[in-house]
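Dear colleague,

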Amino acid sequence: MTANATSTVAIWPGILGSSWGYRRELRATPRHLYLLLIPSFVGGLTGAWLLRFTPPAVFDKLVPLLLLFATLLLMAQDLVQRKLKSAHAAAHRSTKWLVGALFFQLIVGT
């Protein structure tokens, strides 16, 4: 628990520095995608709360599944980005797509 909290605190300067360094690229991001910050934050808080109250024995059994999930996300990243680039931009602004993306981000954030 202490290691996770320490790691989270330690990465904040890198996050802030990266945000500053990529500020031009961030300006080009469609505004509706900034909504993904909300489920990321809520998911992070939920995950921290779950971690705090999950018994260590249960967490130890969940670690392989969490690592598998993270690995699958990394493996699918290129495929998802290619599909997003090839699909119509208007489809990504639909309410259905945005709700799906927000829900998926909540799961990933948690």
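The notes below go from the chain as a whole to one helix and then to a surface patch.

Please bear in mind that this is a predicted model. The secondary structure of the protein chain amounts to 5 helices and 0 strands, and from the N terminus on the order of elements is α-α-α-α-α. Among contacts in the protein chain with a separation of 6 or more, 80% are between residues 24 or more positions apart. Of its 110 residues, 6% count as buried. The protein chain exposes about 9,100 Å², and 72% of that area is supplied by carbon and sulfur atoms.

Helix H3 covers residues 37-53. Which residues of H3 are buried? They are Pro39, Gly43 and Gly47. These residues lie on the same side of H3, because the arc they cover around the axis is only 65°. Helix H5 (95-109) is included in what covers the buried residues of H3. On the other side of H3, the exposed residues are Leu37, Ile38, Phe41, Trp49, Arg52 and Phe53.

A nonpolar patch on the surface is formed by Val58, Leu62, Leu65, Leu66, Leu68, Leu72 and Met75. Together these residues have about 670 Å² of accessible area. One of them, Leu72, has its place in helix H4, which runs over residues 56-86. Is Leu72 buried, partly exposed or exposed? Its relative accessibility is 45%, and Leu72 therefore counts as partly exposed, given that this class lies between the cut-offs of 20% and 50%.

With kind regards

Methods
Residues numbered from 1 in each chain as written. Predicted model: local features only at pLDDT ≥ 70, side-chain atom pairs only at ≥ 80, totals over all residues. Heavy atoms only, no water. Helix = DSSP H or I, 4+ residues; strand = E, 2+ residues; numbered from the N terminus. Expected span 1.5 Å × (residues − 1). Buried < 20%, exposed > 50% of the residue type's maximum accessible area, 1.4 Å probe, protein only. Arc of directions from axis to C-beta. Contact = heavy atoms within 4.5 Å. Patch = residues over 30% accessible without salt bridge, like charges linked within 9 Å, V, L, I, M, F, W, Y side chains within 5 Å. Areas by Shrake-Rupley, 256 points an atom, 1.4 Å probe, with all protein chains shown as cover. Salt bridge = Lys/Arg side-chain N within 4 Å of Asp/Glu carboxyl O.
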